Amino acid sequence: ITLHLGNGASVSAIQGGRSVDTSMGMTPLEGLIMGTRCGDVDPAVPMLLSEITGRSREDVHRLLNFESGLKGLTGESDMREVHRLAKSGDLDAQLAVEMFCYRARKYLGAYYAVLGHVDAVVFTAGIGEHDPEVRSRICAGLGRLGIEVDEEANGRIVEKSESPETSDGGLRPGERAISPPGAEVAVLVIPTDEELEIAREAFACARQGTPT
């Protein structure tokens, strides 16, 4: 199960190297709370917003995509600023962090049920790679599923250029395990490289379209 947590965020269930489910739907709006996107809401909400506020369809679309999520809850779309506000006593920011982690944990549990067996939980992207508090909160209470976090390893800062302290599991520089040794489910932090993946997929498509 991969949790790509950044300004845009999603969870994917991966079986045999292929994604079998993802929290995003026809558009990126579905799923997790994000920097400016609301994530899952009752389908009646857009209609009620338009009816109650008199907003046009375009206004509601813009509201749900660009003025909701963390920004709608706190006025800030950057989780680092949300944390800062939360630590200063801002109740809205504290609620936003709790909601963000709750929604991700909910999907994590759902995808555990989808897969039936989970080898690893992977955190990646800006928040996933650099926010130990969010990682800890998402995994909290999941010990019965074999998902646990070693808080010392979780809080350790590792740069992409550094080699991991352990070579178990074939980890590459910048990648690290934050689960306790011998854990039933490996909890990993793996830096994302979206540009490289886009290049690989584009190259594969180009090769398939080239006559032999």
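Is Asp78 buried, partly exposed or exposed? Asp78 is partly exposed, at 27% relative accessible area. Buried means under 20%, exposed over 50%, partly exposed in between (1.4 Å probe, protein chains only).

1. Basis. This is a predicted model: local features need pLDDT of at least 70, side-chain atom pairs count only at pLDDT 80 or more, and totals for chains, interfaces and linings use all residues. Residues are numbered from 1 along each chain as its sequence is written, and side-chain values use heavy atoms, with hydrogens and water left out.

2. Overall fold. The protein has nine helices and six strands. These are DSSP runs (helices H or I, at least four residues; strands E, at least two), numbered from the N terminus. Buried residues account for 36% of the 212 residues.

3. Salt bridges. The structure holds six. The criterion is a side-chain nitrogen of Lys or Arg within 4 Å of a carboxyl oxygen of Asp or Glu. Among them, Asp78 pairs with Arg80 at 2.7 Å between the closest N and O atoms. Arg80 is exposed, at 64%.

4. Two further pairs. Glu67 and Lys71 meet at 3.6 Å, N to O. Glu67 is partly exposed at 40%, and Lys71 is partly exposed at 31%. Glu58 and Arg57 meet at 3.9 Å, N to O. Arg57 is exposed, at 69%, whereas Glu58 is partly exposed, at 46%.

5. Helix H9. This helix spans residues 194-208 and contains Glu201. Glu201 is partly exposed, with a relative accessible area of 46%.
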